[in-house]
Amino acid sequence: MLEVIIFYISALIAIGGAVMMIAQRNPVASVLYLILSLVAQAVLYIQLEALFVGALLIIVYAGAILVLFLFVIMLLNLRGEKFGYDQGKVGVATKLIFSLVLIFELAAVVHTVSRSTNLARTSEHLNPGFGSVPPVAELLYTKYLLPFELTSILLLVAIIGAVLMARRDRADKEKEMT
Amino acid sequence: MDIRSAAIDFGLLTPHLVIAVAAMAILLLGNMVRNRGLMTVLSVGAMAVGMIYGVMQWAAPQSGFYGMVAIDNFSVFFSIIFISTGIMAILMSRDYLVAKNIDSHEYNVLIMFATVGMMLMASSTDLLVIFLGLEIMSVPLYVMAGMARRDNFSGESGIKYFIIGAFASGFLVYGIALIYGATGTTDLRRILADFTFLKMQSEMLLYSGAIMVLAAFSFKVAVVPFHMWVPDVYEGAPTPVTGYFSVGPKAAGFAALFRIFVFGFGQFSDLTMVFWILAVLTMTVGNILAIFQNNIKRMLAYSSIAHAGYVMVALTTGGQGAVSSAVYYLAAYMFFNLGAFAIITMIDCRTGSNNQIDGIKGLSGRHPYLASVLTLFMFALAGFPPTAGFMGKFFIFSEAIKNGYVWLTVIAILNSLISVYYYLRVVVAAFFMKSDKDFLPVTYRPAMFIVLLITVAGTLVLGVIPQIWVELARLSMFSIF
Amino acid sequence: MIPITHYLILSAMLFAIGVTGVIISRNLIIMFMSIEVMLNAANLAIIAFSRSLNLMDGHVFVFLVMAVAAAEAAVGLAIIINLFRNRESINADTFSLMKR
């Protein structure tokens with residue numbers, strides 16, 4: 001029973017946080033709502049026995065990635081700018097298509113899961129140590145070694161790209177002088 | 001899973017590693033050596049070495065990393081396409097970067113890393129590695145689109161490409177999640193092996209997952225209705241980068257699509273109808289909208305959408321023959337499309353050019369050879385014999401007819417006829433229209449000259465003696481597995 | 001034990017919210033954060049499937065997706081900073097030089 005209550009509260013916070021994030025006009029508040037949503041999702045991860053990844057979600061996602069967002073927003077000092085919502089003519093058709101895709105998606109998931117034997121048979125007994133660090137580490141360094149190494153290349157490329165885009169060169173400095 | 005395919009053997013990825021390590025070395029070296037020309041030569045040399053290692057893997061199919069990597073003729077053929085595209089992109093960018101004052105050695109490094117990502121996409125049979133390859137390819141491309149940092153158009157192009165690309169990867173991850181839920185694996189080989197069982201067990205989940213993955217790649221290869229970003233991104237990006245975008249990522253996206261939908265989900269016949277509709281929409285919308293463009297980069301953007309449509313015809317047809325015709329087409333398309341962009345880059349290097357079709361009026365008077373070469377590329381794009389464009393279309397359409405897709409072929413041929421109009425417009429402007437002011441001369445530099453030489457040779461050789469290349473393309477079908 | 005279905009529906013809803021955010025928002029940073037919501041929704045689905053299949057592979061996927069999200073965040077924010085330097089705005093409506 002307690003499990004169910006925790007699930008519904010976390011789910012509500014996760015969805016509410018995500019909706020509020022979009023609805024905000026002040027980006028700083030947006031980031032904070034997203035962090036709230038992520039914390040609620042981390043609770044769900046832990047409910048699903050994903051202890052290590054749940055911790056990562058808070059430490060890496062909320063703690064590092066979103067703080068980077070916050071940092072950039074502060075750096076740019078965006079508070080003064082006014083944002084509306086899309087009223088363009090291009091938007092309508094696109095939005096319709098995507099909404100349809102998504103409704104289909106939602107329906108498909110519910111439909112499948114309700115009748116599929118595969119998921120109904122969710123195992124009550126899990127392998128010992130499920131969700132803890134050692135099994136994740138073991139997979140990362142054996143079966144998923146290649147993807148793991150590839151992320152290092154990806155991060156390197158991202159660093160190069162970020163530096164290239166955001167560094168100040170002579171023209172920037174001259175602009176700031178004037 | 002046999003022991004060989006389980007082995008962790010970095011030797012399998014020698015071509016990828018050569019290019020990646022060389023890129024890192026050049027990144028470091030470039031900060032010490034100021035000579036950008038030397039850096040370009042080094043990058044091209046490293047890519048060529050990678051290509052040689054790639055060619056050495058021909059006809060020796062292997063797999064490794066727990067079945068995540070499959071080095072077969074398919075991956076080798078595509079690797080050669082990607083590396084050649086990268087080399088030509090580096091060469092044709094030289095003068096442009098200098099002229100527009102955005103010269104930096106990191107540009108070459110980005111192209112090299114993007115090439116590595118593309119090669120990974122073609123040589124993987126695991127959705128996860130395909131996804132990571134896609135990201136390694138896309139991240140440098142986002143930066144390259146916004147490379148001209150002072151230019152508002154370029155910045156706009158970069159941000160649009162980034163938002164759309166990240167959006168598409170969201171779809172891709174969700175699709176992979178659904179496929180993982182339906183099958184318990186991301187390994188395409190295992191999905192193929194258990195397909196009948198999996199489909200019975202969780203068809204809807206698999207179907208929605210496949211649709212999401214298809215949508216994600218449709219963004220990347222610019223298939224209608226996921227094409228809205230293409231004209232703006234292509235127009236705003238620096239011209240040689242646009243050329244690179246229109247060839248490299250497109251070929252990589254199709255390589256992944258073939259791996260996933262012809263191989264992994266090959267028995268998923270329900271998707272054929274979806275492909276059919278996408279192919280028709282893509283060809284028609286691309287060709288019709290291209291007619292109305294006055295900016296040559298925008299026109300070629302729509303033309304690249306149309307060409308994606310022709311390749312989609314092959315994807316609809318499915319099967320070995322159709323995929324090998326598509327592989328041949330992509331190789332041919334690389335030559336004539338990059339060639340066309342090389343000339344546009346040369347014209348764009350002059351000060352005050354605006355990429356309008358009117359801007360090439362009087363080209364033949366000043367540069368008769370250049371105008372003839374441009375005509376050759378336009379003919380190839382439109383699909384006239386004896387160019388590679390004709391043979392490519394011929395193979396794709398004949399495969400489609402052989403498999404009974406007569407209506408699809410009729411629509412594709414009608415589309416090719418429409419396309420003749422806007423390609424000839426460029427030719428007419430170059431040859432028969434007089435400009436009120438003098439045509440500013442363009443400069444020939446060795447790097448650009450090499451690119452033109454390669455592309456002209458490729459366009460003609462693939463068109464005149466296609467047999468060898470067709471045979472290679474046929475052999476490049478998934479030779480194992 | 002809460003059925004896995006519930007988690008999947010939640011994840012689908014989060015994904016839909018993310019997509020809606022990208023489509024309707026005009027603030028580039030909020031658009032970008034909506035994409036992060038999409039990735040997180042996918043992660044939640046992967047974790048839920050992982051639990052129901054009793055396979056740890058999904059946890060590794062989530063780990064890798066987080067790395068990808070970090071890489072995208074780094075590049076994306078750098079692009080946004082660069083844009084802001086040039087035009088003092090991150091309103092997506094101002095990015096329509098090429099719409100004619």
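Trainee: Which helix is B:Leu414 in?
Mentor: B:Leu414 belongs to α19 of chain B, the helix that covers residues 406–431. Keep in mind that this is a predicted model.

Trainee: And is B:Leu414 buried, exposed or partly exposed?
Mentor: Partly exposed, because B:Leu414 has 13 C-beta neighbours inside 10 Å.

Trainee: Staying in chain B, at what angle do α14 and α18 pack?
Mentor: About 30°, and the axes are 9 Å apart. That's α14 at residues 296–317 and α18 at residues 388–402 of chain B. So α14(B) counts as roughly parallel to α18(B), since the cut-off for that is under 35 degrees.

Trainee: Which residues make that contact?
Mentor: From α14(B) you get B:Tyr310, B:Val313, B:Ala314 and B:Thr317, and from α18(B) B:Lys393, B:Ile396, B:Glu399 and B:Ala400. By class, five are nonpolar, one is polar and two are charged.

Trainee: What's the handedness of the crossing?
Mentor: α14(B) crosses α18(B) in the left-handed sense.

Trainee: Switching to interfaces: how many residues does the contact of chains B and C take from each?
Mentor: Chain B puts in 28 residues and chain C 33. On the chain B side, α6 (127–145), α7 (152–183) and α11 (230–236) each give two or more. α7(B) gives the most there, with 16 residues. That side has 15 nonpolar, eight polar and five charged residues.

Trainee: What about chain C against chain A?
Mentor: There, 63 residues of chain C touch 73 of chain A. The chain C side draws at least two residues from each of α1 (4–24), α2 (28–53) and α3 (57–87), and α3(C) gives the most, with 23.

Trainee: Last topic, confidence. What are the ipTM and pTM of the complex?
Mentor: The predictor gives an ipTM of 0.95 and a pTM of 0.93. Chain C averages a pLDDT of 86, with 92% of its residues scoring at least 70. For chain A the mean is 81, and 70% of the residues reach 70 or more.

Trainee: Where in chain A is confidence lowest?
Mentor: In helix α5 (residues 117–120), at a mean of 53, while α7 (residues 145–166) of chain A is highest at 93.

How values were computed. Residues are numbered from 1 along each chain as its sequence is written. Chains are lettered from A and ligands numbered from 1 in the order in which they are written. This is a predicted model: local features need pLDDT of at least 70, side-chain atom pairs count only at pLDDT 80 or more; totals for chains, interfaces and linings use all residues. Two residues are in contact if their C-beta atoms, placed from the backbone, lie within 7 Å. Helices (H or I, at least four residues) and strands (E, at least two) are DSSP runs, numbered from the N terminus. Ala, Val, Leu, Ile, Met, Phe, Trp, Tyr, Cys and Pro count as nonpolar, Asp, Glu, Lys and Arg as charged, and the others, Gly among them, as polar. A residue is buried if 20 or more other C-beta atoms lie within 10 Å of its own, exposed if 12 or fewer, and partly exposed in between; C-beta atoms are placed from the backbone. pLDDT is the predictor's confidence in each residue, from 0 to 100. Axes are lines fitted to C-alpha atoms, for helices over the stretch in contact, and angles run from 0 to 180 degrees between N-to-C directions. Angles under 35 degrees count as roughly parallel, over 145 as roughly antiparallel, 65 to 115 as roughly perpendicular and the rest as oblique. A crossing is left-handed if the near helix is turned anticlockwise from the far one by less than a right angle, and right-handed if clockwise.
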